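Dear colleague,

My findings follow directly after it.

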Amino acid sequence: EGHFPGYPIMPGVLLIETMAQTAGFLLLWLNKFEQMPFLVGVGEAILRNFVPPSSVLDVRAEIEHDGSGFASMKTSIHCQSKLICNARTILRFLPFPNEQLREHLETVARAVELPDWTGS
């Protein structure tokens, strides 16, 4: 609300964070929550359009490369089929720092209805 008084838009840094979170949850799901992906880089970020309040966003992540403990992801956000922004996000896989964090992320994944990763 206060980003630009009288002209509220979603801050660009939150758009980038949204793409990074989406990429991270995709990687968590694909590796069955066995390792934690940490954001280590953002490149080629382009903020193309503004996002007003109450917009419904379509956030996408696609693996470009996965290996050597790192993943490079193509990420983007669309609103009403219009490209809002895109970036390359780089994530590094590390062991979970504690079981509590892994359990929390599994709870969030269930809350957003991520498909079952347990195989049960």
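Phe33 counts as buried, because its relative accessibility is 1% (buried means under 20% relative accessible area, exposed over 50%, and partly exposed in between, with a 1.4 Å probe and protein chains only). Please note that this is a predicted model, in which local features need pLDDT of at least 70 and side-chain atom pairs count only at pLDDT 80 or more, while totals for chains, interfaces and linings use all residues. Residues are numbered from 1 along each chain as its sequence is written, and side-chain values use heavy atoms, with hydrogens and water left out.

Aromatic pairs

The structure holds 2 aromatic pairs. For this term, rings of Phe, Tyr and Trp (its six-membered ring) pair if their centres lie within 6.5 Å; planes under 30 degrees apart count as stacked, over 60 as edge-to-face and the rest as tilted.

One of them is edge-to-face and joins Tyr7 to Phe50, with 5.9 Å centre to centre and 80° between the planes. This pair links distant parts of the chain, 43 residues apart: Tyr7 belongs to the segment before α1 (12–30), and Phe50 to the loop between β1 (36–47) and β2 (58–67). Helices (H or I, at least four residues) and strands (E, at least two) are DSSP runs, numbered from the N terminus. Tyr7 counts as partly exposed at 46% relative accessibility, whereas Phe50 counts as exposed at 55%.

Phe33 and Trp117 form a tilted pair, 4.4 Å centre to centre and with 35° between the planes. Phe33 lies in the loop between α1 and β1 and Trp117 in the segment after α2 (99–111), so the pair ties together parts that are 84 residues apart in sequence. Trp117 is buried, with a relative accessible area of 5%.

The segment before α1 also holds Pro11, which counts as buried at 19% relative accessibility. Pro11 and Pro52 are 41 residues apart in sequence, and their C-alpha atoms are 9.9 Å apart in space.

Strand pairing

Two strands are taken to pair if DSSP finds at least two bridges between them. β1 and strand β4 (residues 82–94) run antiparallel and are joined by 9 bridges; Val42 stands opposite Thr89 in β4. β4 is also joined to strand β3 (residues 70–79) by 10 bridges, again in the antiparallel sense, and here Ile77 stands opposite Cys85 in β4. Between β2 and β3 there are 9 bridges, and these strands pair in the antiparallel sense. His65 stands opposite Ser72 in β3.

Hairpins and positive phi values

Most residues other than glycine have a negative phi, and most peptide bonds are trans.

In the hairpin of β2 and β3, 2 residues lie between the strands, and Ser68 in the turn has a positive phi of about 60°. The hairpin of β3 and β4 likewise has 2 residues between its strands, and Gln80 in the turn has a positive phi of about 50°. Ser81, in the loop between β3 and β4, has a positive phi near 65° although this residue is not a glycine. Ser81 is exposed, with a relative accessible area of 73%.

Glu44 is placed in strand β1. This residue is not a glycine, yet its phi is positive at about 55°. Glu44 is exposed, with a relative accessible area of 58%.

With kind regards
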